[in-house]
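Thank you all for coming. I would like to walk you through one model this morning, and I will give the cut-offs as we reach each term.

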Amino acid sequence: MDKSAEFEIFLVALPGLEPALLDEVRGLGFAGAALTPGGVTCRGDWAEVWRANLWLRGATRVVVRIGEFRAFHLAQLDKRARKFPWGDFLRADVPLRVEATCKASKIYHAGAATQRVEKAIAEELGAPISAEASLRVMLRIEDNLCTFSIDATGEPLHKRGHKQAMGKAPLRESMAALFLRQCGYTGRETVVDPMCGSGTFVIEAAEIAAGLAPGRSRRFAFEDLAGFDAEAWARMRASAAEPQRIPAQRFYGSDRDAGAVRMASENAERAGVAEWCSFTQMPFSDLTPPEGAPGLVMVNPPYGARIGNKKLLYGLYGALGGVLRERFAGWRVGVVTSEAGLAKACNLPFDPPGAFVAHGGLKVRLYRCTLS
């Protein structure tokens, strides 16, 4: 592994949240950040690959483009794959798998392309091939150009490593982080979630306020690559494991379900943000603003397949909107839901909604407003 070598780095986004991820990537100072279908590209060396995995809240995964060549038939792919410098990136003792996609190319059979590359790596490098391997080499053949990439992340980035307890239809942490960003949250204000479930919005908000790196508690696929510098990575991670600042404000979650409140409290404890979070069992009808300046109410109410009776849902959204209008003047509100009709039932002055985002087999959108 050439530590100084620069690569194109592809940061995968949830469809619909690419612009929000671009905003985050630029805010963290990654070089050459630009929108691309499916995410954001930037440039950097291996240390930047590590930093992207460690610090990005909104990305799904970090993919490193390691080389390319043209091939017009399988024999040519086989020959050039055998000459590719796999040893610069992969270890002979670490199992891997290859995934291929073909588009508008003379090589059109992805399965055959996968087999050729797997055989080339196995025979030239000696690395074992396993369908269960966590290390992934990706081949994209488009317009006869074969591009090789390595998934440097492994398990998706929303799996932070410190959240074990989850309720039904949990919001991914990456999605929650970008919705908070789209609501203008910078870590400097109070966040309240009156239907907190397992605590995702509240915990993400507290981590952002404390400057805690989202990837501080987990392992990454890049740790299994050739020439990986464990000592340098340990130093980078250690510097990100402690809070960079102590939040002046608090973060509040409530839920009528006692099990959800217990889960949220346990998750906040594991994440190291429990001292700044407060979780309470109560219906949202009892919700009142905490002391201090107005902040952000962030809520992901039930919707779609999560509750069967739509009439009950419309009543729920109407009651939620009523509580917020009556008691939260001056606050900003973010509501995530799957149907425009449910958002409308809140009777809140929402701006035009955000893009559709896939979530649990549904498409959800963020609705935002400021209450006067």
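Predicted model: local features only at pLDDT ≥ 70, side-chain atom pairs only at ≥ 80, totals over all residues.

Residues are numbered from 1 along each chain as its sequence is written, and side-chain values use heavy atoms, with hydrogens and water left out.

Let me begin with the core. By nonpolar core I mean a set of buried Ala, Val, Leu, Ile, Met, Phe, Trp, Tyr and Cys residues joined through side-chain atoms within 4.5 Å, where buried is under 20% relative accessible area, exposed is over 50%, and partly exposed is in between, with a 1.4 Å probe and protein chains only. The largest such core has 120 residues, and the members that touch the most others are Leu-11, Leu-77, Leu-90, Phe-179 and Phe-251. Helix 6, residues 200–210, gives this core its largest share, eight residues; helices (H or I, at least four residues) and strands (E, at least two) are DSSP runs, numbered from the N terminus. If we set aside residues up to four places away in sequence, the contacts of Leu-11 include Leu-21, Val-25, Cys-42 and Leu-56, a contact being heavy atoms within 4.5 Å.

Now to helix 5, which is largely enclosed by the rest of the structure, because eight of its 10 residues are buried. Among the buried ones are Glu-173, Ser-174 and Phe-179, and the elements against which the buried residues of helix 5 pack include helix 1, helix 6 and strand 14 (362–370). Just after helix 5, Gly-184 takes a positive phi of about 85°.

Grid points are joined across faces, edges and corners, and a volume is the space filled by probe spheres set on the points. The second largest pocket has a volume of about 350 Å³, and among the 16 residues that line this pocket, those closest to its centre are Glu-24, Leu-28, Arg-57, Arg-181 and Ile-208. Helix 5 provides the largest share of that lining, three residues. As for cavities, the whole structure holds two of 30 Å³ or more; the largest has a volume of about 60 Å³, and helix 6 gives the most to its lining, with four residues.

How many disulfides are there? With a disulfide taken as a pair of cysteine sulfur atoms within 2.5 Å, the count comes to zero. The sulfur of Cys-146 is 8.1 Å from the closest cysteine sulfur, in Cys-102, which is too far for a bond, and Cys-146 is buried at a relative accessible area of 0%.

Finally, two single residues. Gly-67, found in strand 4 (residues 61–70), touches Cys-146 among others, yet counts as partly exposed at 22% relative accessibility. Arg-51 lies in helix 2 (residues 46–55), and its contacts beyond four places in sequence include Leu-28, Phe-30 and Met-236.

Definitions and conventions: 1 Å grid on protein atoms, 1.4 Å probe; cavity = no way out; pocket = protein on both sides within 12 Å on 5 of 7 lines; lining within 4 Å.
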